[in-house]
Amino acid sequence: MKILFLSTFSIFLLSAFDPADSSAHYDKILSHSRIRAREQGPNVCALQQVMGTKKKYFSTCRNWYQGTICGKKATTLYECCPGYMKMDGMRGCPAVAPIDHVYGTLGIVGATSTQRYSDMSKLREEIEGRGSFTFFAPSNEAWELLDQDIHSNLIDNVNIELYNALHNHMVNKRMLTKDLKNGLTLVSMYNDQQLFINHYPNGVVTVNCARIIHGNQIATNGVVHVIDRVLTPAGNTIQEFLEAEDDVSSLRAAAITSGVLDTLGKPGHYTLFAPTNEAFEKLPRGVLERIMGDKVASEALIKYHILNTLQCSEAIMGGAVYETLEGSTVEVGCDGESLTVNGVKMANRKDIVTSNGVIHLIDHVLIPNSAKQVIELAGDQQTTFTDLLAQLGLTSSLRPEGQYTLLAPLNGAFSDDTLRMDQRLLKLIMQNHILKVKIGLNELYNGQNVETLGGKQLRIFVYRTAVCIENSCMVRGSKEGRNGVIHIFRQIIKPAEKSLREVLKNDKRFSVFLNLVKDADLEDVLSQPGEWTLFVPTNEAFKGLTDEEKEILRRDKNALRNILLYHLTKGIYIGNGFEPGVTNILKTIQGSKLFLKTVNDTLLVNELTAKESDLMTTNGVIHVIDKLLYPVDVPVGNDQLLTILNKMIKYIQIKFVHGSHFQEIPLTFFKKPGRKITKVVGGATIRKITQGTRVIEGGPELRVFGEGETITRVIHGEPVIETYTKIIDGHPVKVTEKKVTEERIIQGPETKYTRITEGGRGDMEGDLKKLLEEEAPVRRPKPPKKAQGTPRRRTRLVHP
């Protein structure tokens, strides 16, 4: 009956203190532990114990299913949940622990050393009496871990030192774990010393970085929380610690130089990963001197060691990413008993608690990307690239005060043949992987052109899930440093040198296809500037066709154009730019759709495997296939053509619809340069010649002169053109053109103007049209009459 009463009373006390606040992380994790152990009986909790240690945790789901804590294998234990106890002959833990005052509760939770020291220091009477206390009681193991000299000093002076030390573990009010909010500061019963509470999402609750390992043991005059270490007073700030400790004098000097030291003296909840003097000595002297001589870099260096949150080592059960004051992130984790930063074991002293945070001494200096030179941003997968830059003397061109972008291929991109190249040629290749400006990932856009250190122009292509430069696409890992940015690429970047037509002409594999292109009058498409993706079948695709069958293909120009233009689409689509495993639909110039997909780095076109992809040209890209493509939705109405196509295409069933015809495809999908537009104004012929005359400074001024005059005038600059003398009607005339244009006079004197298409004003066309309308109204042309003699013309070049 007595046990039943105690059980009921204890449950009442546990539920009486704000039962609605059940969102505390510690309580949530504890609830999960009860669920995992429900098959063991009532009120049993499942814990994980790190193998080889006495550390036990109520685990998160992540740690539970991984079966590890801090990278070490953990075994599963089943124990009574805090506040409950076993009964003989019954499953689980059906009873609550007896309710007693704080002193008696210390014995109930097994903190017998703290109980004994309370006796010795005359604290027992106080914690047995009236009041409402919270006692953070060190476990027996915690007392054993205490520094021997400190422990001996406490035992030798029990009435003062030990008494005060125990009072430093007490708060003069009852605080359950749900009341211990993250960032809360409590005042202890010794000299108003501060106790800093941290309540982490993984359920860990710490007091001055000591972890609560058994919480919420209710007493008649308070509550007991068992902790895993003895608390020491935290009086100094982080700044005061750095100023007093000789072992961190190098860090102190760097913090003063960067102007960050004062920040560490202000109130807050900081975590400082403090490199020791030995850590600074490991740095190459040139690197440290450069950083310390640069105010921006030195400030970034120090701030990279500081978190704006308090992270105790005991709260770290796995890797987590935290933002530093510098702005970038570090990964803080653990490996057994060791603390790791960015995956490296480096802490040699943990959890130095101060009044505004915690310090972990580390034996490495952390250098953020923002304090590094651009060449130092390269990782282990780009060492071939950086070694070549050094070997070829290009590293020296990356001046600290400059701004650059490195386009660094992975080590695997460099074949043995590439590395055996002539050094001069290899240097040209490497120069094309350095941009003379700093361009971050978020500054790149589709259609952008950038200039390399070697003077080449590179094109940027931005796709749904990829960013590519010429033939090579980026992989994750772009970094920004003090004097530049580095982007990582799958392959060596190869700037395009030839047009689509030139590439086809120079490769015998494509001779049949190119001849068909000529027969269809499509050769100009492949020669002129533009952005195209061309799927080119090799001669193998036409293997077996007789000359007569090829002639049949040539004769039906409309059918031939439809077939060939199904291989062409607007836009440049790099094979590696497609999202892997996802079908991409492209509309061809012919009008039907192509279906593209990459599987295991191989491009599939209508499920046909591309034999070679990403042959870059100045006006597009070529993907090589070994079969002719044909749109499945387009029927054939000619028996002969059907026979020929079936001979080449066996991977689809081509439809036959008697009498059907291919649609006509006008060549309006691209513009030819040099086209002439002739207008008749007042009976005179006006020709507009759109040929490339480049203006270095300023723009051309256009005026319409009277009949019989031809004047090209350039204001504020000379055109870059060829000058020569031509005899016209027996008179020497200076001509300034790139090429001679032959003209036939239809009727009477002519008025002509030359349009300068590069370097001029963008609204020149409108200006000209307006001048023509004002000065020469359009009249209906009269029927031509026989020319009466040859009119005299003069061409005059007016220099500014």
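**Figure 1. Contact between helices H19 and H22.** In helix H19, Phe513, Leu516, Val517 and Asp519 meet Lys557, Leu560 and Leu564 of helix H22. Sorted by class, the residues of this contact comprise five nonpolar, no polar and two charged. The model shown here and in the other views is predicted. Helix H19 spans residues 511–519 and helix H22 spans residues 557–565; their axes come within 9 Å and cross at roughly 130°. H19 is therefore oblique to H22, and the crossing of H19 past H22 is left-handed.

**Figure 2. Contact between helices H15 and H17.** Two packed helices are described by the angle between their axes and by the distance between those axes. For helix H15 (residues 383–391) and helix H17 (residues 423–431), the angle is about 120° and the axes lie 10 Å apart. H15 and H17 are therefore oblique to each other. Their crossing is left-handed. On the H15 side the contact involves Phe385, Leu388, Leu389 and Gln391, which meet Gln423, Leu426 and Met430 of H17. The contact of H15 with H17 contains five nonpolar residues, two polar residues and no charged residues.

**Figure 3. The disulfide of Cys70 and Cys334.** A disulfide is a covalent bond between the sulfur atoms of two cysteines. The sulfur atoms of Cys70 and Cys334 are 1.8 Å apart in the model, and the two residues form a disulfide. The cut-off for assigning such a link is 2.5 Å between cysteine sulfur atoms, and by this rule the count comes to five disulfides. The link of Cys70 and Cys334 is left-handed, with -90° about the S-S bond. Cys70 lies in the loop between strand S3 (68–69) and strand S4 (72–80), whereas Cys334 belongs to strand S17 (residues 329–335). The pair thus links distant parts of the chain, 264 residues apart.

Figure 4. Strands of a sheet pair through backbone hydrogen bonds, in either a parallel or an antiparallel sense. This open sheet has seven strands in the order S8-S7-S13-S12-S11-S10-S9, and its pairing is mixed. Strand S8 (170–171) and strand S9 (185–187) stand at the edges; each has a single partner strand, so one side of each is left without a neighbour in the sheet. Strand S7 (residues 133–138) and S8 run antiparallel and are joined by two bridges. Within this pairing, Thr134 stands opposite Val171 in S8. Helix H2 (residues 25–36) lies across strand S10 (194–199), strand S11 (205–207) and strand S12 (210–219). The direction of H2 is at about 85° to S12.

**Figure 5. The four-stranded open sheet.** Four strands in the order S30-S29-S36-S35 make up this open sheet, with mixed pairing. Its edge strands are strand S30 (568–570) and strand S35 (612–617), each of which pairs on one side only. From one strand to the next the twist averages 20°. Strand S29 (residues 532–537) runs antiparallel to S30, and three bridges join the two. Thr533 has Thr569 in S30 as its bridge partner.

Figure 6. Strand S24 (residues 449–451) and strand S25 (residues 457–462) run antiparallel and are joined by three bridges. Val450 stands opposite Leu458 in S25. Five residues separate S24 and S25 in their hairpin, and Gly455 in the turn has a positive phi of about 90°. S25 also pairs with strand S26 (residues 467–469), in the antiparallel sense and over three bridges. In this second pairing, Ile460 stands opposite Ile469 in S26. S25 and S26 likewise form a hairpin, with four residues between them.

Terms used:
Residues are numbered from 1 along each chain as its sequence is written. This is a predicted model: local features need pLDDT of at least 70, side-chain atom pairs count only at pLDDT 80 or more; totals for chains, interfaces and linings use all residues. Side-chain values use heavy atoms; hydrogens and water are left out. Two strands pair if DSSP finds at least two bridges between them. Axes are lines fitted to C-alpha atoms, for helices over the stretch in contact, and angles run from 0 to 180 degrees between N-to-C directions. Angles under 35 degrees count as roughly parallel, over 145 as roughly antiparallel, 65 to 115 as roughly perpendicular and the rest as oblique. A crossing is left-handed if the near helix is turned anticlockwise from the far one by less than a right angle, and right-handed if clockwise. Contact means heavy atoms within 4.5 Å. Ala, Val, Leu, Ile, Met, Phe, Trp, Tyr, Cys and Pro count as nonpolar, Asp, Glu, Lys and Arg as charged, and the others, Gly among them, as polar.
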